[in-house]
Each structure stands twice: as C-alpha cells, then as structure tokens.
Amino acid sequence: MAEHFQPQHQQQQSQPRSHQVVKAATAVTAGGSLLVLSGLTLAGTVVALALATPLLVIFSPVLVPAAIAVCLIIAGFLSSGGFGVAAVTVFSWIFRYVTGKQPPGANQLDQARMKLASKAREMKDKAEQFGLQHQGGSQAS
C-alpha cells in the first residue's frame with residue numbers, strides 16, 4: 001500500500017518543478033535578450049564613435065561636431081546602461097518569483113495565467129462539442 005502512494009508523491013513534485021523550469025527559461029530568455037540588446041547598443045556606440053571621429057576631424061569644424069559626437073556617445077552609453085539595468089531587474093524579479101517570494105505584480109501574473117488556462121479549456125470543450133455535432137451530422141447524411 002505504501003508503494004501506491006509513492007508515485008503520486010513523485011508526480012506532485014514533478015509538476016511544480018516543471019513550472020519552475022519554465023519560469024527559469026523565461027527569465028533567462030527575457031534577461032538574456034535585454035543583456036544582448038545592451039551589448040549591441042554599447043558596441044554600436046563604440047563603432048559609431050570610431051567611424052565618426054575621423055570624419056568629423058577631416059570634413060568639418062572642430063567644436064560643433066565634437067559636441068554632437070559627445071552628445072551621441074553619452075546617449076549611447078546611457079541607453080546601454082539602461083538596458084543593462086532593465087535586464088538585471090528582470091532577472092531579479094523572476095528569481096524572486098521562481099523562489100516564491102511574491103514580487104510586485106506576481107498576483108496579476110498568476111491571475112492572468114489562470115484566466116488564460118480557463119479560456120483555453122473552454123475553447124477546447126467548445127471545439128470538441130462542435131466536432132461531435134459536425135461528425136454526427138455527417139453520419140446522418
């Protein structure tokens with residue numbers, strides 16, 4: 001009889017584990033894409049600086065293009081840093097969510113997930129009913 005209860009216990013543990021894996025995969029995807037975007041912005045800023053510097057020196061007066069270049073460089077570094085901070089924030093939020101610490105907005109996320117799951121079940125039931133009606137109508141003909 002003890003053997004009968006053991007598989008159910010293992011099955012209950014596997015379901016939350018799979019949810020944690022999905023949550024962790026989502027965290028890695030969201031945070032990783034933000035970090036990649038941050039890195040690309042930083043690389044683009046450095047390349048733009050390397051390309052713009054000789055052109056500004058050769059083809060135009062010094063002060064105005066230098067001021068424009070400095071403004072663009074500052075904007076690039078600020079946006080790169082902003083994307084990096086956003087990525088770290090997303091990683092932190094999802095880590096707290098996965099570990100069960102209920103970060104802000106976790107309740108709304110759970111409610112939306114439940115609502116979406118109930119609508120999906122409802123649509124599945126409607127599709128099955130429609131299929132049975134359609135199948136019953138075809139056999140009568």
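Residues are numbered from 1 along each chain as its sequence is written, and side-chain values use heavy atoms, with hydrogens and water left out. Because the model is predicted, local features need pLDDT of at least 70 and side-chain atom pairs count only at pLDDT 80 or more, while totals for chains, interfaces and linings use all residues.

**The chain as a whole**

The chain has three helices and zero strands, and its elements run α-α-α from the N terminus on. Helices (H or I, at least four residues) and strands (E, at least two) are DSSP runs, numbered from the N terminus. Of the 141 residues in the chain, 12% are buried. Buried means under 20% relative accessible area, exposed means over 50%, and partly exposed lies in between (1.4 Å probe, protein chains only).

The accessible surface comes to about 10,900 Å², and carbon and sulfur atoms hold 70% of that surface. Such areas come from the Shrake-Rupley method with a 1.4 Å probe; for residues, only the protein chains shown count as cover. Among contacts in the chain with a separation of 6 or more, 71% join residues 24 or more positions apart. Contact means heavy atoms within 4.5 Å.

**Ser-38 and Ser-80**

Ser-38 lies in helix α1, and Ser-80 is found in helix α2. The two are 42 residues apart along the chain, yet their C-alpha atoms are separated by 4.7 Å. Leaving out residues up to four places away in sequence, Ser-38 touches Ser-80, Phe-83 and Gly-84.

| Residue | Relative accessible area | Class |
|---|---|---|
| Ser-38 | 10% | buried |
| Ser-80 | 7% | buried |
| Trp-93 | 22% | partly exposed |
| Tyr-97 | 9% | buried |

**The aromatic pair**

A pair of aromatic rings is described by the distance of the centres and the angle of the planes. Rings of Phe, Tyr and Trp (its six-membered ring) pair if their centres lie within 6.5 Å; planes under 30 degrees apart count as stacked, over 60 as edge-to-face and the rest as tilted. By this rule there is one aromatic pair. Trp-93 and Tyr-97 form this stacked pair, at 5.3 Å centre to centre and 10° between the planes. Trp-93 and Tyr-97 are about one helical turn apart because they are four residues apart in helix α2.

**The largest pocket**

The largest pocket holds about 240 Å³ of space. On a 1 Å grid over the protein atoms alone, a pocket is an open set of points where a 1.4 Å probe fits, with protein on both sides within 12 Å along at least five of seven lines; lining residues have an atom within 4 Å of a point. Grid points are joined across faces, edges and corners, and a volume is the space filled by probe spheres set on the points.

The lining includes Trp-93 and Tyr-97, along with Ser-18, His-19, Lys-23, Asp-110 and Arg-113. Two or more lining residues come from each of α1 (2–59), α2 (63–98) and α3 (106–140). Helix α1 gives the largest share, five residues.
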